[in-house]
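Me: I have a structure open and want to learn how to read its features. Can we go through them one at a time?

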Amino acid sequence: MSNMKKPHVTVMRSQLSRARGLGSGQAGVGHWWAERASAVALVPLSGWFVIQVFRLAGASQPEVAKWGARPFNTTMMLSLVILTFYHTQLGLQVIIDDYVHGKAHLPAGLLMKGIIFLLGLFGTVSVLKLALAGSTKGRVAAG
């Protein structure tokens with residue numbers, strides 16, 4: 001009986017109590033749903049955009065500007081641009097969380113968000129510029 005070794009216990013916590021503090025924080029569920037919802041919303045928007053590109057193939061610049069000035073097209077284009085960059089940011093955040101560790105995690109995440117924000121802002125301003133240029137040219141031509 002004296003030959004049996006007792007396990008050396010250094011921590012007075014049970015395995016269950018240690019696991020309770022290390023589990024999921026339930027923070028990923030919102031991210032997962034946002035990524036899926038934006039992907040589903042992008043399917044019809046992307047299809048609409050591809051159809052419009054084929055419809056406008058060979059059109060002149062004033063015709064494209066007139067098309068871009070219509071409120072429905074402007075709204076669809078803005079939705080497409082905003083959702084595309086939002087979805088991109090969500091996907092890249094997952095990649096950074098999975099593959100960038102240590103001190104580089106925070107700067108990589110901030111750099112990615114800054115670049116995505118600037119690109120999204122550039123796309124949004126471009127759509128608005130197309131919409132406003134098309135609407136003013138239409139008024140000048142009509143007046």
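Predicted model: local features only at pLDDT ≥ 70, side-chain atom pairs only at ≥ 80, totals over all residues.

Me: Which helix holds F54?

Reply: F54 sits in helix α2. Its relative accessibility is 65%, so F54 counts as exposed. The cut-off for exposed is over 50%.

Me: What about nonpolar residues away from the surface?

Reply: In soluble globular proteins, nonpolar side chains tend to be buried together. Here is the case in this model. The largest nonpolar core has 10 residues: L42, L45, W48, W67, M76, M77, L78, L80, V81 and V127.

Me: Which elements give two or more residues to this core?

Reply: They are α2 and α4. The most comes from α4, which gives five residues.

Me: Which residues does M76 touch, leaving aside its neighbours within four places in sequence?

Reply: With those neighbours set aside, M76 is in contact with L45 and W48.

Me: Now the aromatic rings. How many aromatic pairs does the structure hold?

Reply: It holds three. To read a pair, check the distance between ring centres and the angle between planes. Planes under 30 degrees apart count as stacked, and over 60 as edge-to-face. Take W48 and W67. Their ring centres are 5.9 Å apart and their planes are at 20 degrees, so this pair is stacked.

Me: Where do W48 and W67 lie in the chain?

Reply: W48 is in helix α2 (residues 28–56), and W67 is in helix α3 (residues 61–69). The pair therefore ties together parts that are 19 residues apart in sequence.

Me: Are W48 and W67 buried or exposed?

Reply: W48 is buried, with a relative accessible area of 11%. W67 is buried too, at 7%. Buried means under 20%.

Me: How do the rings of W48 and F72 pair?

Reply: Their centres are 6.4 Å apart and their planes are at 85 degrees, so the pair is edge-to-face. This pair also links distant parts of the chain. W48 is in helix α2 and F72 is in helix α4 (residues 71–99), 24 residues apart. F72 counts as exposed, because its relative accessibility is 54%. Ring pairs link W48, W67 and F72 into a cluster.

Me: Next, charges. What should I look for?

Reply: Side chains of opposite charge can pair when their charged atoms come close. A search of the whole structure finds one salt bridge. In it, the side chains of R36 and E35 meet, at 3.5 Å from N to O.

Me: How exposed are R36 and E35?

Reply: R36 is partly exposed, with a relative accessible area of 35%. E35 is buried, at 15%.

Me: One more helix, please. Where is F122 found?

Reply: F122 is found in helix α5 (residues 105–142). At 59% relative accessibility, F122 counts as exposed. Now compare sequence with space. F122 and V81 are 41 residues apart along the chain, while their C-alpha atoms are separated by 9.6 Å.

Me: Where does K129 lie, and is K129 buried or exposed?

Reply: K129 is also in helix α5. It is exposed, with a relative accessible area of 62%. K129 and A65 are 64 residues apart in sequence. In space, they are 9.5 Å apart, C-alpha to C-alpha.

Key:
Residues numbered from 1 in each chain as written. Heavy atoms only, no water. Helix = DSSP H or I, 4+ residues; strand = E, 2+ residues; numbered from the N terminus. Buried < 20%, exposed > 50% of the residue type's maximum accessible area, 1.4 Å probe, protein only. Phe/Tyr/Trp six-rings, centres within 6.5 Å; stacked < 30°, edge-to-face > 60°. Core = buried A, V, L, I, M, F, W, Y, C linked by side-chain atoms within 4.5 Å. Contact = heavy atoms within 4.5 Å. Salt bridge = Lys/Arg side-chain N within 4 Å of Asp/Glu carboxyl O.
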